Amino acid sequence: MREDLKFIIGLTLIEGVGDIVAKKLIAYCGGPEAVFKEKKGGLLRIPSVGSKVAGAIVSQKVLARAEEEILFIQKKNVNPLFFLDKDYPQRLKYCDDSPIVLYCKGDMNLNKQKVISIVGTRRITEYGKRICEKLIEDLSRHDILIVSGLAYGVDICAHQSAVKCNMQTIAVVAHGHDRVYPGIHRPVMEKMYENGGMATEFISKTKPDRENFPKRNRI
């Protein structure tokens, strides 16, 4: 586990610092730890960094919560991927606002040559279900990673079909690794950990609130 993980997580906890600003801070300061060692005057010279953000960084109050999260991910066997790590999904780096850290649990390869995301309505029809199952059955002849969101309808149908066909499948979720949402999908999720798993940018204790889902969708 990275020695600077505490500072990486800490950056994500500062109000007003999104992924774009976080990357800018890291670039200007030379690394996540260097951000928290920078003086307030130096931080204020960085574009998009105001007095409130600079003050929050200098106070270092977020680092206590970051240390708590490290204990959690160690206990739950969660693998945090920093956006500069080789295992971080390379295609996601093309998004300016890609998360600076992605928390992953399971046995997964986020850089498979072929990745297909299957998403859709939460009110899937029987016809739609048959089409989804047939599509994945046909795709199972190839080495493809199936990505979806573990939601009702098309999402869970895609995951279940991938598990049935012994394909790697990953759920990208809008909450932390301390829960599975919807809870009724936990049995499927448990099977997915064996060949795929769960990925999220959210730390533990993050509820699946409505505003998290559009943010999750870019991943």
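This is a predicted model: local features need pLDDT of at least 70, side-chain atom pairs count only at pLDDT 80 or more; totals for chains, interfaces and linings use all residues.
1. A residue counts as buried when its relative accessible area is under 20%. The buried residues are Leu5, Phe7, Ile8, Ile9, Gly10 and Leu11.

2. Which elements cover the buried residues of α1? The cover includes helices α2 (19–29), α3 (32–37) and α6, together with strands β1 (79–82) and β2 (101–107).

3. The packing of α1 (residues 5–12) against α6 (residues 62–75) has an angle of about 115°, and the two axes are 8 Å apart. The crossing of α1 past α6 is right-handed. On the α1 side, the contact is made by Leu5, Lys6, Phe7, Ile9 and Gly10. On the α6 side, Val62, Leu63, Ala66, Glu67, Glu69, Ile70 and Ile73 take part. Sorted by class, this contact has 8 nonpolar, 1 polar and 3 charged residues.

4. The structure holds 3 aromatic pairs. One of them joins phenylalanine 82 and phenylalanine 83: the ring centres are 4.9 Å apart and the planes stand at 70°, so the pair is edge-to-face. The cut-off behind that label is an angle of over 60 degrees between the planes. Both phenylalanine 82 and phenylalanine 83 are buried.

5. Two lysines lie over aromatic faces. Lysine 23 is over the face of phenylalanine 83, at 5.3 Å from the ring centre. Phenylalanine 83 is also a member of the edge-to-face pair in point 4. Lysine 105 is over the face of tyrosine 193, at 5.1 Å from the ring centre.

Notes: Residues are numbered from 1 along each chain as its sequence is written. Side-chain values use heavy atoms; hydrogens and water are left out. Rings of Phe, Tyr and Trp (its six-membered ring) pair if their centres lie within 6.5 Å; planes under 30 degrees apart count as stacked, over 60 as edge-to-face and the rest as tilted. Buried means under 20% relative accessible area, exposed over 50%, partly exposed in between (1.4 Å probe, protein chains only). A charge sits over a ring if NZ of Lys or CZ of Arg is within 6 Å of the ring centre and within 35 degrees of the ring normal. Axes are lines fitted to C-alpha atoms, for helices over the stretch in contact, and angles run from 0 to 180 degrees between N-to-C directions. Helices (H or I, at least four residues) and strands (E, at least two) are DSSP runs, numbered from the N terminus. A crossing is left-handed if the near helix is turned anticlockwise from the far one by less than a right angle, and right-handed if clockwise. Contact means heavy atoms within 4.5 Å. Ala, Val, Leu, Ile, Met, Phe, Trp, Tyr, Cys and Pro count as nonpolar, Asp, Glu, Lys and Arg as charged, and the others, Gly among them, as polar.
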